[in-house]
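This briefing is meant to be read alongside the structure, with one topic taken at a time. Please keep the sequence at hand and look up each residue as it is named.

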Amino acid sequence: MMKWVLFSPELYYVVMAAVFFFMSLERQAEPRKLYKWAVILSGVGVLATVLGARLQGTLFFDAYRIDLFSQVFKILIAIGTFWVMLVCSELKGVDERRHAEFYFLMTICTLAMMMLVSAVELLTIYITLELSSYSLFLLVPMRKHDGEYAETGIKYFMIGATASAMMLFGLSYLYGVTHTTYVAEVVKALPQVFNQPAAVLGLVLALAGFLFKQALFPFHIWAPDVYQGSTNQVAAYIATGSKMAAAAMVIRFIGFGNADSGYFVQLLMVLSVLSMTFGNLVAIIQKDIKRLLAYSSIAHAGYMLIGILTMTEQGYASAIYYALAYLIMNFACFMVIIKVADDGHNLQIKELAGLHKRSPLLAMTLMLGLFGLAGIPPTVGFTGKFLVFAAALKKGYLILVIIGMVNATLSLYYYLIVIKAAYLLKPVREYLPVRVDGVTRSLSIALVVLMICVGIFPDRFMQLTEAAAAALLM
Amino acid sequence: MASMELASFPILSTILLSTIVALLVIMLIPEDRPKLVKQVSLGFAALGVVLSLLVYVSYDVDKGGLQFVERFLWVQSIGIYWFTAVDGINAPMLILTAVVLFTGVLTMWELETRVKEFFALMYLLVAGVYGVFMSMDLFWIFVWYDVSLFPMYPLIAIWGGTRKEYGAMKLTLYLLAGSALILPGILYVWAVGGGHTFDLFELQRMGLPAHVQRIAFIMLYLGFGILAGVWPFHTWSPVGHVAAPTAVSMIHAGVLMKLGAYGILRVGMTLCPEGLGYWADLMALLATIGIVYGAFVGLAQTDLKYVIGYSSVSHMGIVGLGLATMTVDGINGAVFQMFSHGVMTALFFSAVGYIYDRTHTKMIPELGGLSNTMPVASAFFIIAAFCGVGVPCMSSFWAELLVFISAVKTYPVRGVLAVISLVVSALFMLRVVQKTFYGPRNERWEHIPDVPLALATPRIILVGILVFFGLFPRLILDVIQSAVVPFVSSL
C-alpha cells in the first residue's frame, strides 16, 4: 500500500484525466467552466508534484524509479502544464466542441511524460514515450480549419512513427546484445559489447528516438512545421512541457551510460555544434515567430547537450538548470504570442509592431524572455549558459564553448529583430490594445521576477539541481 | 577616523544599488510626468557623484591596495563571490562614470520622446558600468559588462540619428561578439584554477601555467579590446557614436569604451602576466596602428561626430600603447588617459549635441563661422579639441606625455610613430575647429541663440575637470600610482 504513495503525483493526473474524460462526454461543455477546471486542477497538480518531491523508491519490478531527478522534472512538467492551462482562457484556435477533449489529451500527455521521466526499463520507456506522442499526434492537428493544418498533423505523425520505429529497432538490438531491458543493466553490460557494431547501432538508434523528441539536429525537421501548424497553446506546450520530458530522458539515458568513451562524446559534440549552428542560422530568416522559436529551440537543444555530454555530475546539474531556465524563458515568449494573437492565428513578427504601446507589460516580458534566450545577463538564460559552459570547460572543451558563445551572438541577431519589432517599428495598421486580464498580468509579473531572480540568485536552484544530478548517478 | 567608519559601510554596493533603485523608481513614474523623471534622474546622478567623490577622497593612498572591500559568498558550488573593492585604478573610473552620467542627464534635459524609457535604460547601462568598475569577481565583471552593453541597442535604435538601426545592430553584435570571447576566457581560467573560485585575486595568486595564460590572455584581450576600439575591431565605434543620441554618445565614448581598456588591465593583465609578456608586442602594434589610423581617417571626415569617433579610436590607441609598455609610467599614463579621454569625449559630444540640436546638421561644410553666433557653444568644442591634441594645462597632456615617454623607451619605432601622428591629429582637430567655428559668418545660423546657462552647466563642469587635473595632475596620479606600482612589480 505504501508503495502507491510513490505513485501519487501520477495518480493525481490519472484522476484529472478522468474528470476531463467525463466532461468530454457531455454534449456541450461550457468553455469558461472547462477553463476554470483546467486551471484549478493543474494548479493542484503542481502542488501534488511539489509534495512528492522528496519521495524515493522503485515500483513495478524496478522498472519505475522515483528519485529527486525524476521528481524535479515532474515539477517542471507540471509547472509547464499549469502555465499552458492558464493561457487557455481564449482558446479560439480550437473548436468549442472539442475543448474538453483538448484538456483531456493535455492531461494524458502530461501524465505520460511524468511516467517517462521515471521509467528506467526499455519497454516502459517505449510505452510511456508512445503514450505522450500519441496524445500529441491528436493535439497537433486539433485546430479550427483543420483542413489547412491536416498536413502538419500527418507530417508529425509520419515522422514521429518513423522515429519510434527506429528507436524500437535500436532497443531490440540493445536487448539482443545485453539480454536485459533494464537500462542500468544494459549500461553495465555495454562496455563489454561495445566492440560489436550491433551495440553501437542499437545505442545510436535508441538515442535517435529521444533526440527526435528534443528536436536536435538532424532529428529536428518536424519542429518548425508543428510549431507553426498547431494552435499557439499546443505549440507552447510542446515547447515547454514536452521539452522538459525530452531533456530529462536524454539526461537520464546518457547519465546512466556515463560512457565517457571518446567517440560517443565526439558524436554528441558534433550533434551539438550542428544543432546550434543550424538552428541559429535558419532562425535568422524566419518571418513567423513560432517558426523562429522552433528553430531557436533546435539551437537550445544543442546548448543543453553541451552540459550533458560532459558526463559529469556538474554537467548534468547544469543541463537541468538550463532546462528550468528554458522552461521559464520560452514560456514567457509563448505567453506573449498567445495573448497578442488572441484569435488564435499564427503571429508574424511584424504584427508585434508597436507592442510597447499596446501593452508595455507584455512587451517587457517578451523582451526579457528573448534576452534570456539569447543568454544576456542578468536573466536566467545567461546563468544557464554560464553553468553549461563552465561544466564543459572543466572538461577542457574550450573550442566547443567558443563555438557555443559565437552561436549565442548569432542568435542575438534574430532575437533583436523581434525586440525591434516590439519596441521600434511603427504598426502598418492600427492594432487594438492587447487585452491583458488579471491572470495574464500576474503571470507576466511572476515570469519577469522569476527570470531575473533565478538568474541573479541561482544558489538555491543550483543546490537543487546538483542534488538531482547526484540522485541520477546513484 | 572618518574613513574607518566608512570602511564598514557598504558604500560601493550603495552606489550600485542606487542606480538600480533609480531605474525602478523611474519605471514607476507615470508616463505623463517627464519632468519628474528628469528630476529623479538628476537626483540619483548627483547622489552617485557625491558617493563616488566620497570614496575617492577617503581612499587612503599611503595604505594603497584594495579598500572598501565587501566580500561574501554568492554561489557556493562554483565559487562566485560578491566582491567589490576600490583601488587606485578604479577609483578615478567611478568618478568618471558618476560625472559623465550627471552631465549626460543635464545634457538631455530637453528630451521629449519616450523620456521615461530613455532614462530607465540609461540607468541600466550605468548600473552595468559601475558594476564592472567595482567588481573583483570574474562572474560579476562579466555579468555587469553585458548589462552595460545591451541597453545600447534600444538607446541608439530608438533615440538615435544617422543610420540608427544599422549602427545599433552593428554595435550590439560587435560588442557581444567580444563577450563571446571573454566568457570562454574567464571560464577557462576558472577551470584551470581548479573550478572553485571566481575571485580575481585568488586566481592571480594561483599563478596559472604559461600556456594557459597565453590562450586566455589573447581571448580576454581581443574580447575586451573590441569594446576598447582596438584596431581593426574599431569599426562599430564611429558608426555607433554617430548614430547615438548625445548623452548616449557621451556615456558610450566617455565611459563604456573605458570598460574595454579597464577589462584588459583588470582581468587580462592581472590574471595573465606571462600571457601579457607574450602578446605585448602585438598589443603595441595594434595600438600604434590605431593611433595613426584614427588620426589619418579623422582627417578625411566631414561629419563632426565621425571626427570625434575616429579621434576616440586614436586616443584609445594611446591607452593600449600605455598598457603594452608594462611600465609604471606607461600604465599610469594609460589609466590617466582613460579618465581624461572620458571627460574630454563627453565634452566633445555634449558640445556637438548642442550644435546639432539647434542647427540640425553636423556636417562640417554646412557649418562654419559658428563662433560668431554662439561663442560659448563653440568654446566648449574648441577646449575639447585642445585637450584632444594634448595642449599643456589640460589633463590629457600629462596622460599622453607619460605614455609617450615610456613608449619611446620600450618600443622606439612605434613610440615615435605615435608621437608623430599626434601632429596629424593636431592638424585634423585644428582644421575642424577652423572650418566649423571660424571663417565667414554663416547667415543660416544667425538666429540661433547661444547656450543658455542651464545647458552650459554640464559642459562647464567637464571643462573644469579637464583643466583642474591638467593643473594638478598629482591629485589623480598619486592615487593611480598607488595601485600601478605594486601591479607592475608583480608582472
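Which side chains of chain B and chain A meet in a salt bridge? In this predicted model, the partners are Glu165(B) and Lys420(A), whose side chains come to 3.4 Å, taken from N to O. The points below begin with the interface around that pair, then turn to chain B as a whole, and end with some details of the backbone in both chains.

**Where chain B touches chain A**

- The interface brings 38 residues of chain B into contact with 34 residues of chain A, and the area buried between the two chains is about 3100 Å².
- Carbon and sulfur atoms give 81% of that buried area, while three residues, Trp74(B), Phe150(B) and Tyr153(B), supply 16% of the area that chain B buries against chain A, which is more than any other three residues.
- The count of salt bridges between chain B and chain A is one, and six residue pairs are in polar contact across the interface, when both residues are required to have pLDDT 80 or more.
- Several elements of chain B each supply at least two residues of the side that touches chain A, namely the strand β1 (67–75) and the helices α6 (138–149), α7 (152–159), α8 (164–192) and α10 (210–227).
- Among these elements, α8(B) gives the largest share of the side of chain B that touches chain A, with 14 residues.
- Sorted by class, this side of chain B holds 28 nonpolar residues, six polar residues and four charged residues.

**Chain B as a whole**

- Chain B is built with 21 helices and two strands.
- The radius of gyration of chain B is 21 Å, which is close to the 23 Å that the globule rule gives for 491 residues, so chain B is as compact as a globular protein of that length.
- Taken along the principal axes, the C-alpha atoms of chain B fill a box of roughly 70 × 55 × 45 Å, and buried residues make up 66% of the 491 residues in the chain.
- If one takes the contacts in chain B between residues at least 6 apart in sequence, 81% of them join residues at least 24 apart.

**Cis peptide bonds**

- In chain A, a cis peptide bond with omega of about 0° joins Phe217(A) and Pro218(A), and Pro218(A) is found in the loop between α9 (197–214) and α10 (222–229) of that chain.
- In chain B, a cis peptide bond with omega of about 5° joins Trp231(B) and Pro232(B), and Pro232(B) lies in the loop between α10 and α11 (236–243) of chain B.

**Positive phi angles outside glycine**

- His179(A) is not a glycine, although its phi is positive, at about 60°, and this residue lies in the loop between α7 (146–178) and α8 (183–193) of chain A.
- With a relative accessible area of 64%, His179(A) is exposed.
- Cys393(B) is likewise a residue other than glycine with a positive phi, near 80°, and its place is in the loop between α17 (375–389) and α18 (395–410) of chain B.

Key: Residues are numbered from 1 along each chain as its sequence is written. Chains are lettered from A and ligands numbered from 1 in the order in which they are written. Side-chain values use heavy atoms; hydrogens and water are left out. Contact means heavy atoms within 4.5 Å. Buried area is the accessible area (1.4 Å probe) that two parts lose on being put together, summed over both. A salt bridge is a side-chain nitrogen of Lys or Arg within 4 Å of a carboxyl oxygen of Asp or Glu. A polar contact is a pair of N or O atoms within 3.5 Å; within protein, one must be able to donate a hydrogen and the other to accept it, and residues adjacent in sequence count only if both atoms are side-chain atoms. Helices (H or I, at least four residues) and strands (E, at least two) are DSSP runs, numbered from the N terminus. Ala, Val, Leu, Ile, Met, Phe, Trp, Tyr, Cys and Pro count as nonpolar, Asp, Glu, Lys and Arg as charged, and the others, Gly among them, as polar. The radius of gyration is taken over C-alpha atoms; the globule rule is 2.2 Å times the number of residues to the power 0.38. Buried means under 20% relative accessible area, exposed over 50%, partly exposed in between (1.4 Å probe, protein chains only).
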